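Welcome! Here is a short tour for anyone meeting this structure for the first time. Have a look around before reading on.

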Amino acid sequence: MATTENLPTAEAERPIGFGRLKRKEDARFIRGQGTYLDDIRLPGMVHGAMLRSPYAHARILSIDTSRALAHPNVAAVITAKDLETLGLAWMPTISYDTQAVLAGDKVRFQGQEVAFVIATDEYSANDALQLIEVDYEPLPAVVNARKALDPDAPVIRDDKAGQRDNLASPLWEAGDKESTDRAFAEADTVVTRDIIYPRCHPAPLETCGIIADFNPATGQLDIYNGNQAPHAHRTVYAHVAGLAEHMIRIRCQDIGGGFGNKVPVYPGYVCAIAGSIVAGVPVKWVENRTENLTSTGFARDYVMRSEMCAKDGRITGLRVNVIADHGAFDSTAQPTKFPAGFFHIVCGSYDLQASHVQVKAVYTNKAPGGVAYRCSFRITEAVYLVERMVDALALEMKVDPIELRLRSFIAPAQFPYETTTGWTYDSGNYAATMQVAMDLAGYNELRREQAEKRARGELMGIGVSFFTEGVGAGPRKHMDILGLSMNDGADLRVHPSGKAVVSISAQTQGQGHETTFAQIVAEELGIPPEDVEVRHGDTDRSPYGLGTYGSRSTPVSGAAVAVVSRKVRDKARQIAATMLETRPEDLAWEKGRWYVKGDPEKGALIEEIAARAYSGEELPEGFEGGLDAQVIYDPPNLTYPYGAYIAVVDVDPDTGHVKVRRFIAVDDCGVRINPMIVDGQIHGGLAEGIGIALMELLSFDEEGNCLNSSFMDYLIPTALECPDFELGETVTPCPHHPLGAKGVGESPNVGSPPAIVNAVIDALHETHGVEHIDMPCTPARVWAAMQGRPEPPQ
Amino acid sequence: MQTPAPFDYERATSVEEAIASLQRLGPEARVIAGGHSLLPMMKLRLAHPEYLVDINDLAELAYIAEDGDEIVIGALTRHVELLKSELLAERLPIFRDAEQVIADPVVRNRGTIGGSLCQADAAEDLSAVCTALKAKVVIRGAEGERTVGIEDFHVGPYMTAVRDGELLTEVRIPVRPGAGSAHEKVERRAGDWAIAAASAAIWVDGGKIADAGIGLAAVGPTTVHLARAEEVLRGKAPSEDLFAEAGVVATEDCSPSADGRGPVDYKRHLAGVLTTRALRRAAARALHQEA
């Protein structure tokens with residue numbers, strides 16, 4: 001069951017189809033032969049650099065660009081005034097708000113875009129930034145989300161007609177208030193906690209950037225830009241810039257990590273496009289690390305108050321009130337009808353009597369964003385909250401936290417299960433998965449070890465989390481982004497030699513799509529994965545679809561590839577029938593071959609069928625020839641992966657330093673196409689979870705200055721903070737996915753922070769009375785909690 | 001991309017040439033060795049030197065050797081060499097303690113001991129190590145060499161006794177019998193600057209502490225030398241109580257400021273805990289009782 005061993009795949013064991021196959025793309029990555037945005041240099045290309053606001057909130061009195069323009073290598077300086085003439089000073093966000101491309105009236109967060117310099121080289125462009133003089137009148141800043149709606153709070157979005165406060169969107173609710181009130185009234189135990197999921201950042205190692213290349217002669221706009229949703233970006237550019245969509249081509253080269261940070265369209269992109277249209281030459285802009293951390297899509301920032309209740313020993317109800325800090329513009333990226341994303345999956349893996357969720361979103365003088373960092377549209381926040389609350393309740397009830405979970409789980413026979421907030425979970429056997437994790441961990445033995453250590457004055461903690469995710473957005477009837485359905489296309493062509501090209505709209509940022517999707521075609525057609533080329537990342541050469549985020553690649557694009565492969569297989573059956581002079585219904589399929597039922601010697605291989613399909617020989621009646629197909633896949637539901645995680649930590653009693661000694665992760669993501677890639681995804685997400693739980697934080701002082709603007713201050717974890725992860729699996733196939741697969745990419749990031757924080761509290765509760773500690777659990781913050789004065793993150 | 005402002009660059013081929021360049025170029029010139037502090041500051045445009053004098057070719061400044069009753073370390077010796085040195089591991093194990101927790105392998109492959117000391121960042125580990133070991137540094141200028149005690153070397157935050165036109169060339173560490181030394185650090189993450197760190201050395205003679213040295217990192221505007229705690233230790237037999245007493249002095253005699261790594265009270269607390277731990281380990285080594 002455990003998959004901790006990571007044996008190399010022997011040449012002879014290479015699977016035709018699913019299995020542990022080394023990633024095709026790694027050959028170029030491990031040799032340093034990947035092509036990232038900054039590797040691309042076009043003839044005549046010039047460079048952009050962005051001037052940014054030093055203030056979190058200030059009126060712009062004047063901008064003087066004359067000294068910058070006098071720099072010998074500077075071609076142009078663009079300000080909001082210039083963009084106004086092009087109608088590009090403001091752009092729509094994914095959440096139907098507007099965002100300033102370049103600030104004209106006011107700056108609303110530190111690091112906001114103010115002016116864009118174009119020069120012959122990036123050194124000159126950056127030098128020229130220092131020659132621009134901006135006269136600011138500083139205004140008081142709103143930094144704390146809890147104070148954003150105070151009557152005396154300065155109004156940040158005075159650009160919006162009728163906006164008189166800092167409410168970003170109306171109160172949003174899920175579940176049912178009355179039945180929840182009833183559940184609490186009938187309960188015998190209630191716990192309340194104030195819990196913050198602090199602002200953190202996806203911080204991909206490759207920062208964001210673009211090359212815009214507008215050809216004034218043809219009107220064609222070529223864009224090179226590592227983003228997670230190239231087709232959606234193209235549509236947005238067509239809307240924003242008024243360009244003809246068919247004259248825009250976006251190419252995503254290799255991407256050095258996305259994690260949701262590369263979903264939005266950023267002002268730098270629009271400036272580079274505007275710059276290329278004006279200058280008629282390619283304009284490259286690549287942000288630096290500080291710009292990435294301080295201005296692009298951050299993650300989380302949910303301030304939550306929650307109550308959970310129990311009756312007769314099991315969990316019965318949940319109440320949650322959230323203040324969501326969106327920053328200066330609401331550019332949260334999620335299906336449009338879901339302003340709090342999928343947060344209302346906060347009822348978790350439990351068969352609750354009732355639940356009620358309220359989310360209020362506010363503007364603050366901080367960078368915009370909020371839905372990113374492997375979060376499955378806010379399921380990270382939801383799982384963190386519910387799994388912290390279950391532990392709090394277990395403490396109050398003096399019952400083992402696993403025992404309370406086991407008593408309260410949705411039972412296997414209840415699936416498909418309708419939650420109190422409206423989700424329909426497709427499948428699950430939660431107790432079985434929990435048991436595998438307990439066995440892997442040696443849970444009872446760990447509890448004995450903990451007791452012994454405690455007696456010696458050592459602090460050891462064991463933390464559990466059990467998550468259910470809803471991923472693979474999504475069904476056309478429920479989910480869209482800016483009116484675009486969240487469906488994915490797939491296009492499969494088998495060439496006369498039997499080699500195939502499958503084009504997909506999902507956009508890898510390192511997830512191994514070139515391998516996984518080839519394996520799906522291989523499994524369905526019975527040809528080797530190396531004979532299948534996966535084409536993606538070029539809007540001219542791939543079908544429309546909404547990209548890769550929210551763990552949607554396998555649930556949506558993976559299903560599309562399976563379905564298109566089956567279409568091709570059916571076509572091959574028709575041709576094979578003609579070749580074998582029989583009827584299609586008299587043929588049976590084995591991997592790679594149609595054969596005559598009752599006469600298995602008589603058959604045709606896929607490559608033979610492909611050759612026939614393009615030949616001059618007879619084809620089935622009415623058949624046009626060729627062996628290809630295309631589909632658009634509309635998922636009937638989300639897929640609902642789940643998992644049981646157990647963290648073991650040691651806390652230094654004198655310094656508060658937390659070490660994650662063991663981490664056990666048992667994931668059920670249905671059928672695994674490439675278990676090695678799944679393991680890799682889990683390893684990466686667990687490392688991120690350790691980072692979030694222990695060190696990652698975007699914090700601000702009272703003036704709104706960001707205190708974590710480089711990797712010296714924004715810490716991301718290293719291998720030294722990560723134990724050897726102990727992985728396990730159960731397989732509960734998704735009943736509605738053609739392969740039985742569920743998404744998995746975000747599960748480890750979603751599931752691991754609560755396990756670690758629960759473990760830290762488990763280590764400290766008995767000896768130090770600690771009931772809650774907000775992330776990140778840095779040594780200083782843990783020590784403060786041990787002294788009886790835990791503090792929320794600033 | 002992060003780009004530095006324009007600057008001029010010279011690559012020295014000898015110590016004399018480096019010093020001549022520094023003399024000629026004056027206060028706007030900076031020496032660059034490993035570059036892992038200076039280059040990031042230039043790219044963030046927090047430092048704007050007009051000239052860089054690169055000393056990476058000065059192989060004569062890269063060595064670790066015994067010289068009479070001293071161990072001498074050339075200024076261009078890289079962290080990785082300090083980490084690997086068997087001589088240091090045997091005689092001055094505090095170096096290996098510290099080097100295991102200084103930055104990461106990439107930085108350790110390039111960064112130098114001279115650069116670390118001259119950067120004079122209060123959070124820098126080797127300055128505390130050299131303080132505990134009562135090291136001396138050799139500074140060379142056009143007029144010749146002078147030797148400065150580590151006490152007088154750090155004159156303030158990011159400020160040292162090295163004057164314009166001068167180059168730090170060597171670190172000299174006295175070797176005395178009965179020595180034990182250790183370095184303790186708490187960091188938020190491997191490779192991060194210390195929240196606090198303590199370096200301790202003791203010299204035991206006839207069951208008594210003949211002398212002690214303690215330096216603290218990251219708990220003051222510059223490296224903190226715990227003279228009063230050293231005085232507490234001198235002439236007494238090593239014991240848990242004594243080390244705890246020195247730890248209390250450490251909490252009193254440091255002057256940390258609050259930042260993203262922690263508040264003042266926590267850093268004071270750590271200064272005490274780490275001083276006690278470093279002394280405990282140094283004593284175990286001196287008495288050959290290390291577990």
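In chain A of this predicted model, residues 24 or more positions apart account for 79% of the contacts with a separation of 6 or more. Buried residues make up 57% of the 794 residues in this chain. By secondary structure, chain A holds 18 helices and 34 strands. Its radius of gyration is 27 Å, close to the 28 Å that the globule rule gives for 794 residues, so chain A is as compact as a globular protein of that length. Taken along the principal axes, the C-alpha atoms of chain A fill a box of roughly 80 × 75 × 50 Å.

Now let us zoom in on one sheet. In chain A, three strands form an open sheet in the order S28-S29-S30, with antiparallel pairing. Strands S28(A) and S30(A) are its edge strands, and each pairs on one side only. Direction ignored, neighbouring strands of this sheet are turned by 35° against each other on average. S29(A) and S30(A) pair in the antiparallel sense over 4 bridges, and Val596(A) stands opposite Asp599(A) in S30(A).

Next comes the meeting of the two chains. The contact takes 23 residues from chain A and 18 residues from chain B. On the chain B side, helix H12 (residues 264-286) gives the most, with 3 residues. The residues of that side divide into 9 nonpolar, 5 polar and 4 charged.

Helix H12(B) also has a partner within its own chain. Which helix axis comes within 7 Å of that of H12(B)? The answer is helix H11 (residues 240-253) of chain B, and the two axes cross at roughly 150°. H11(B) passes H12(B) in a right-handed crossing. Among the residues of H11(B) that take part are Phe243(B), Val248(B) and Thr251(B), while H12(B) contributes residues including Arg268(B), Val273(B), Leu279(B) and Arg280(B). By class, the contact of these two helices has 8 nonpolar, 6 polar and 2 charged residues.

Conventions. Residues are numbered from 1 along each chain as its sequence is written. Chains are lettered from A and ligands numbered from 1 in the order in which they are written. This is a predicted model: local features need pLDDT of at least 70, side-chain atom pairs count only at pLDDT 80 or more; totals for chains, interfaces and linings use all residues. Two residues are in contact if their C-beta atoms, placed from the backbone, lie within 7 Å. Helices (H or I, at least four residues) and strands (E, at least two) are DSSP runs, numbered from the N terminus. Ala, Val, Leu, Ile, Met, Phe, Trp, Tyr, Cys and Pro count as nonpolar, Asp, Glu, Lys and Arg as charged, and the others, Gly among them, as polar. The radius of gyration is taken over C-alpha atoms; the globule rule is 2.2 Å times the number of residues to the power 0.38. A residue is buried if 20 or more other C-beta atoms lie within 10 Å of its own, exposed if 12 or fewer, and partly exposed in between; C-beta atoms are placed from the backbone. Axes are lines fitted to C-alpha atoms, for helices over the stretch in contact, and angles run from 0 to 180 degrees between N-to-C directions. A crossing is left-handed if the near helix is turned anticlockwise from the far one by less than a right angle, and right-handed if clockwise. Two strands pair if DSSP finds at least two bridges between them.
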